[in-house]
Every structure is written in structure tokens, then in C-alpha cells.
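Dear colleague,

Here is the structure that I promised to hand over to you. Please open it first and then read the notes below beside it.

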Amino acid sequence: MSTTLIIGIDGSKAGERALAHGKRLSRLIGDCTLLLVYVIEWSPYKFQSAEENAMRHKRREEEIEIAKMRVIEPLLSALKSEGLDADCRVRHGDAAEILNAVALEHRAEQIVVARGSESGFASRVFGTVAIKLVSSASVPVTVVS
Amino acid sequence: MKRLSLLGLWALVSLAGTTAFALAQEAEPAPSGIDAVVNNIFGLSTGWFVSLIFAPIPGTSFPWIVLWLVAGATIFTIYFGFIQFRGFKHAIELVKGDYSDPNDAGEVSHFQALATALSGTVGLGNIAGVAVAIGIGGPGATFWMILAGLMGMASKFTECTLGVKYRNEYPDGSVSGGPMYYLTKGFEVRGKKGGQFLAVLFAIFCILGSLGGGNMFQANQAHAQLANIFGDFPGWITGVIFAGIVFAVIVGGIKSIARVTEKVVPFMGVLYVGAALIILIANYDMIGWAFGQIFAGAFTGLGVAGGFVGALIQGFKRAAFSNEAGVGSAAIAHSAVRTKEPVTEGFVSLLEPFIDTVVICTMTALVIIITGVLQVDPETGLYLVEGGAIVTEGGASGVELTSLAFGQSISWFPYVLALAVILFAFSTMLSWSYYGLKAWTFLVGEGKNKEITYKVIFCLFVIVGAAASLGPVIDFSDAAIFAMAVVNIAGLYVLMPIVKAELNSYWSRLKSGEIKKYKAAGSGTPAAAE
């Protein structure tokens with residue numbers, strides 16, 4: 001049975017580092033699928049204006065399209081050309097929760113993320129995606145520096 | 001249809017003409033002051049409309065519009081088998097996201113639709129409106145207000161279910177919904193005539209409502225607050241500043257202002273409820289007595305002018321103005337939610353009158369009653385009445401009375417309240433500018449220039465509202481909002497079997513377990529590249 005690794009990507013350098021580590025693991029494992037997960041941060045409890053609500057469906061489609069076009073597709077084609085098995089998911093929600101949910105859904109062996117993509121006051125107070133994952137994930141987590 | 005549109009446009013143009021005239025006066029100072037001129041012209045041009053809406057039932061002093069609202073809410077309550085009580089728990093589960101399909105993550109959630117609709121309703125109605133109701137109708141008005149809130153939940157349920165069911169979805173993915181759409185499409189489905197006529201009439205009244213209660217009343221009370229803090233100054237100055245900010249947001253698209261408002265308004269709402277709770281907890285021994293006053297006043301009037309009928313009229317009027325149940329505005333706000341079951345949004349929306357009226361308005365009322373700002377005759381123990389209203393400290397009414405009541409316990413709170421009133425007024429204006437715009441584009445068609453025309457008219461009315469005195473503004477605001485309810489409730493009677501069919505189908509599937517809770521609510525699912 002093929003091994004699945006979840007790679008958290010967000011279009012940043014940190015995401016690339018996580019993917020680089022994932023590629024190394026994939027080659028070591030052999031029969032392995034890299035499942036790239038791109039999470040668009042979103043909360044069902046965020047306040048929005050009536051106008052934003054009316055346009056929300058359209059915006060969501062656009063956000064997904066942009067993620068696919070700018071981040072996912074180039075990475076997938078690069079991985080395929082390197083002979084690696086890869087797939088992807090784009091979802092809205094809380095990054096740590098989604099990465100864990102996708103890992104459970106696909107019975108993944110582990111989640112690979114990189115730290116350093118978040119900075120500033122908010123990440124100090126509320127913690128980063130990596131910290132949240134390490135403390136709450138149901139599968140092993142590798143945090144790449 | 002065309003003739004009706006013209007009729008509506010005429011009404012608007014005549015009102016806008018008033019504004020233009022008033023503005024022209026600014027160039028040459030009138031001896032009586034700009035505010036007085038605006039006030040006079042405004043009162044004269046809207047008086048007939050106000051008299052029509054508030055005409056008493058022949059042989060009584062009871063306005064027919066109040067009976068219309070009460071009858072509507074009662075009929076929906078009975079027709080849907082007290083849905084506001086049996087569906088309350090399910091409504092909360094829906095808002096929590098227990099039944100939200102993870103595939104829809106990123107779409108408008110039930111919580112967001114409710115919060116957006118609440119930001120349009122929670123505001124001055126809860127602060128100023130309650131004070132007006134109690135000032136005129138006595139504490140007993142609170143009882144009728146709570147009752148109207150509870151029954152209004154069924155009206156809201158009906159209109160919001162239809163709002164989602166018959167919304168328009170455009171090829172670009174945006175949505176437009178509300179009574180204009182369900183009256184047109186729903187009547188067609190039921191094979192009834194007159195849907196288009198009612199839709200056009202509703203749209204006209206909705207535009208008037210957006211300029212009245214959704215705009216002028218807000219600007220007026222915001223100015224009253226500023227005048228309280230900085231001393232008396234001409235209303236048109238506040239009007240011009242407010243109009244400038246509203247213009248920057250709705251025409252200029254300055255999203256940062258709207259974003260700040262979105263963040264601050266819920267915070268202010270929590271702060272207001274928190275302060276009311278602190279006062280109530282500190283005076284917990286008086287809560288029982290206050291409820292006693294509310295119940296006694298509801299049926300006897302406690303010697304207040306108009307007796308229990310006066311209390312009832314005030315209670316129902318202010319509740320409808322505050323929670324907008326049956327008015328149809330909420331159906332516009334709720335229609336953006338993404339759901340496969342329109343009735344779920346009906347359930348969620350019934351929480352709106354509950355939060356707005358049953359919880360927040362009752363808190364304001366209790367604070368006003370408990371803090372003793374209403375003056376009592378020491379000999380008879382009854383409230384002192386003068387000129388048809390209860391005598392208050394310093395003759396305060398409206399926002400000032402609420403401010404005075406909060407200030408009795410928390411001395412600095414009137415400053416916070418002033419800020420809250422201004423922010424609530426602003427957020428309500430933004431919400432109503434959207435409702436009015438949707439009604440406007442329904443009448444005249446979509447298009448950038450058409451939209452800007454409405455938005456400019458909207459901004460001009462901010463100035464009129466701030467400059468006119470409370471009397472004519474509150475009369476026109478009430479009349480315009482209630483006119484919407486006349487058309488909307490008439491249409492809901494025809495369309496309620498459709499809602500009943502939706503409800504029965506959904507409820508049986510929910511009870512049989514066919515509709516299940518999602519375990520991991522909030523987690524997203526495949527959206528792309530699968």
C-alpha cells in the first residue's frame with residue numbers, strides 16, 4: 001500500500017522547504033504519494049458586510065482558482081516531471097485543523113510543515129500553525145526549520 | 001409595471017427635491033436657520049404619507065398598521081405550529097455549524113448571515129426606541145415588546161426561508177434576494193397574479209425605508225449624541241460629515257472604514273449588553289419588582305396616558321422598528337447564505353428578533369425601570385405624566401433617557417454609549433444602503449451609473465436626517481418601514497404554504513435521521529484539483 005505524506009504549502013519559502021523535505025522522504029520511502037494541501041485561512045465566524053456576503057461565492061471560487069494557478073499547478077507539474085507521485089487539495093478553514101483532517105481522511109503517515117511563514121504579534125500570542133499542529137495533530141508531524 | 005416604477009421614482013424625486021432645496025438654502029442663510037427650513041419642508045412633504053400609515057381603525061385610536069403587524073405575527077406563529085419555540089434548539093445548532101457541510105467551507109456561513117443581519121437591526125432601536133416606548137407607554141410597553149419579539153420570530157422565519165429559496169443567482173456567482181424576488185417568483189409558482197405589483201411596491205417602500213429608518217433616523221440620533229457631548233450646534237454640520245464618510249464607503253469603496261465598523265460594532269454590542277448585565281446584577285433585588293411593573297403596566301397602564309392600549313401600541317411599534325420582523329429587510333441580508341435547504345436559514349433568522357428584542361431591548365428596558373429615571377408621584381406611587389409622556393429627569397427622552405439610566409450606575413458609560421450610538425448608526429446606515437440599493441436595482445436595473453445615482457441620493461438624505469428634528473424624522477422613518485411590512489406580510493400570506501411544504505419536508509428528514517450532523521464542523525473539504 002502506498003504511503004501518503006501531507007505537505008502544508010502556502011506559496012511561501014517555508015512551504016517550499018516543507019516540500020523539499022517531503023521529496024527527500026518520498027524518495028527514501030519509494031512507493032509514496034505527496035499530498036500537497038493549500039489552506040486558505042477562513043473562519044465561519046468572521047463578521048462580513050451584506051455586500052461581501054453577496055459576493056462571497058464568487059470570491060471563494062476566485063481564491064481557489066488563484067491558489068491553483070499560482071501555487072499548486074507549477075508545483076504539481078514540477079513534481080510529476082521529477083517522477084514523483086503527487087496530488088493536491090485546496091481548502092478553506094483553519095490551517096492546522098484542515099491539515100489534520102486531510103491527514104486522517106487519507107490515512108497519511110505524517111504531516112510535513114515548515115516554521116517561519118508566520119511572524120508578528122498574532123503568531124506570538126496565538127501560536128503558529130506548526131505549534132498548533134504539534135500539540136493537536138492525530139498523526140506524526142515533522143516541522144522543518 | 002412601468003407606471004409603478006414611475007410612481008416610485010416620482011415619490012423619490014419629490015423627496016430628493018426637498019433635499020436639493022434644503023441644500024440650496026445652505027448658500028444663503030435663512031433667518032430661521034437651515035435646520036428649521038429643512039425641518040419644515042420635510043414635515044410638509046411627508047405628512048400625508050405618515051397620516052396614511054398611522055391612520056386609526058375607524059371608531060378607535062388604534063393604528064391599523066399595529067393590528068396588521070400583530071395579526072401577521074400571530075397567524076405565522078399558529079400556521080407554523082409555534083416554530084419559534086420548537087425550532088429554537090435546532091436554530092442554535094445550525095448557527096454553531098453542526099449541520100454545515102464541510103464542502104461549503106469558505107462560503108457564507110449561517111453565523112455570518114445572522115451576524116450581518118443583526119448588525120443592520122441591533123442599534124438605535126434597542127437604545128433609543130425602547131426609551132421612546134417606555135417614556136410614552138410606560139414599563140408595560142416592555143411586555144408587549146417582548147411578546148411582539150417572540151411572535152415576530154415566526155414572521156422572520158417565513159420571510160428568510162423565502163429569501164433564500166427565491167434569490168437570484170447571477171452568472172458571476174453573486175446573489176440578490178429579498179421580498180422583491182420572492183414576491184415575483186413565488187406568486188408565479190403558486191399561479192397567483194399580482195406578485196410583480198407587490199414586488200415593485202415593496203421595492204419603492206424599501207427605498208423610502210432605507211432613506212428613513214435606515215438613514216435619517218440614524219443620522220438624527222447620531223447628531224443628538226454629538227450635540228450632547230459638544231454642546232448644541234447645527235445638525236447639517238454632522239450631516240455633511242456623516243454623508244462624507246458614508247459616501248467614501250459606499251461610492252468611493254473605502255473598505256477600511258467598513259472593516260473597522262465591522263470589527264468595532266460587535267464589540268460595542270457586547271460592551272452594551274455587558275454594562276446592562278452589570279447594572280442588573282448589581283440591582284438583582286429589584287429585577288423582580290421591575291418585571292412586576294412590566295406586567296402590571298402591560299394590562300393596567302399604571303396610570304400612564306393611553307392606558308394598556310397605549311403601552312401595547314408603543315410596545316409593538318418599537319419592537320417592529322427594532323427587529324424588523326415582517327418588514328422584509330432581513331430577507332435581503334439572509335439570502336446570501338450557501339445552503340441546500342432554504343428553511344435552515346429560516347431557523348437561523350428566528351434568533352434575530354430573539355436576540356434583538358427579547359434579550360437586548362428587555363435589558364435596556366430593565367435598566368431604565370430599575371435606575372429610577374422615570375419619576376414617580378410619591379403620594380400615589382404612580383408615574384408622573386405630562387404631555388402624554390412620563391416625566392423624566394431633565395425631560396430626557398430617546399437616547400438621552402437610556403444614557404441617563406446607564407449613567408446612574410456607571411458614571412462614564414454615557415460617553416461609551418455616545419460612541420456606540422454613532423457606530424451603530426453608521427453600521428445600520430451601511431446595511432440599509434445595501435437593502436435600498438437592491439430594491440433600487442430591482443426597479444431600475446443593474447448598472448454602475450444607476451447604482452451611483454441611488455448612493456448619492458442616500459448620502460443627501462443623511463444631511464436631511466441630521467438637520468431635521470426628531471418628530472418628523474421618527475414619523476417618516478416608522479411610516480416607511482411599516483409600509484414595507486404592509487406589502488411584505490400581504491405577500492407572505494400567499495406564499496406561506498410554500499414555506500410550510502419546505503418545513504415539513506425538512507423536519508421529517510431531520511427527525512428520521514436522514515439529515516445528520518457533520519462530525520468535524522468547520523473543516524474544509526475538496527474544493528479544487530481533485
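Over all its chains, the structure holds 21 salt bridges, a salt bridge being a side-chain nitrogen of Lys or Arg within 4 Å of a carboxyl oxygen of Asp or Glu. As background, side chains of opposite charge can pair when their charged atoms come close. Before you go on, please keep in mind that this is a predicted model, in which local features need pLDDT of at least 70 and side-chain atom pairs count only at pLDDT 80 or more, while totals for chains, interfaces and linings use all residues. Residues are numbered from 1 along each chain as its sequence is written, chains are lettered from A and ligands numbered from 1 in the order in which they are written, and side-chain values use heavy atoms, with hydrogens and water left out.

In chain A, the side chains of A:Arg91 and A:Glu105 meet in a salt bridge with 3.0 Å from N to O. This pair links distant parts of the chain, since A:Arg91 is in strand S3 (residues 85-93) and A:Glu105, 14 residues apart from it, is in helix H3 (residues 95-105); helices (H or I, at least four residues) and strands (E, at least two) are DSSP runs, numbered from the N terminus. A:Arg91 is buried, with a relative accessible area of 0%, whereas A:Glu105 is partly exposed at 45%. Here buried means under 20% relative accessible area, exposed means over 50%, and partly exposed lies in between (1.4 Å probe, protein chains only).

A salt bridge also joins A:Lys132 to A:Asp94, with the closest N and O atoms 3.3 Å apart. Because A:Lys132 lies in helix H5 (residues 129-136) of chain A and A:Asp94 in the loop between S3 and H3 of chain A, the pair ties together parts that are 38 residues apart in sequence. A:Lys132 is partly exposed, with a relative accessible area of 35%.

Between the chains, 31 residues of chain B are in contact with 28 residues of chain A, where contact means heavy atoms within 4.5 Å. The area buried between chain B and chain A is about 2,900 Å², of which carbon and sulfur atoms give 56%; buried area is the accessible area (1.4 Å probe) that two parts lose on being put together, summed over both. The count between chain B and chain A is one salt bridge, and B:Glu107 forms a salt bridge with A:Arg60 in which the closest N and O atoms are 3.5 Å apart. On the side of chain B that touches chain A, the elements giving two or more residues are helix H5 (88-96), helix H6 (110-121) and helix H12 (255-282) of chain B, and H6(B) gives the most, with five residues.

A:Arg60 and B:Glu107 also belong to a network of salt bridges that links them with A:Glu61, B:Arg167, B:Glu169 and B:Arg338. Within chain B, B:Glu169 forms a salt bridge with B:Arg167, the closest N and O atoms being 3.5 Å apart. B:Glu169 counts as partly exposed at 46% relative accessibility, while B:Arg167 counts as buried at 10%.

The largest nonpolar core has 174 residues, of which B:Phe49, B:Phe157, B:Leu183 and B:Phe347 touch the most other members; a nonpolar core is a set of buried Ala, Val, Leu, Ile, Met, Phe, Trp, Tyr and Cys residues joined through side-chain atoms within 4.5 Å. Helix H21 (residues 470-512) of chain B gives the most to this core, with 21 residues. Leaving aside neighbours within four places in sequence, B:Phe49 is in contact with residues including B:Phe205, B:Leu208 and B:Phe476.

Where does H3(A) sit, given that eight of its eleven residues are buried? H3(A) is largely enclosed by the rest of the structure, and what covers its buried residues includes strand S1 (3-9), strand S2 (32-41), S3, strand S4 (110-114) and H5 of chain A.

Finally, most residues other than glycine have a negative phi. A:Arg107, which is not a glycine, has a positive phi of about 45° and is found in the loop between H3 and S4 of chain A, where A:Arg107 is exposed at a relative accessible area of 68%. B:Glu324 has a positive phi of about 60°, but B:Glu324 counts as buried, at 4% relative accessibility.

With best wishes
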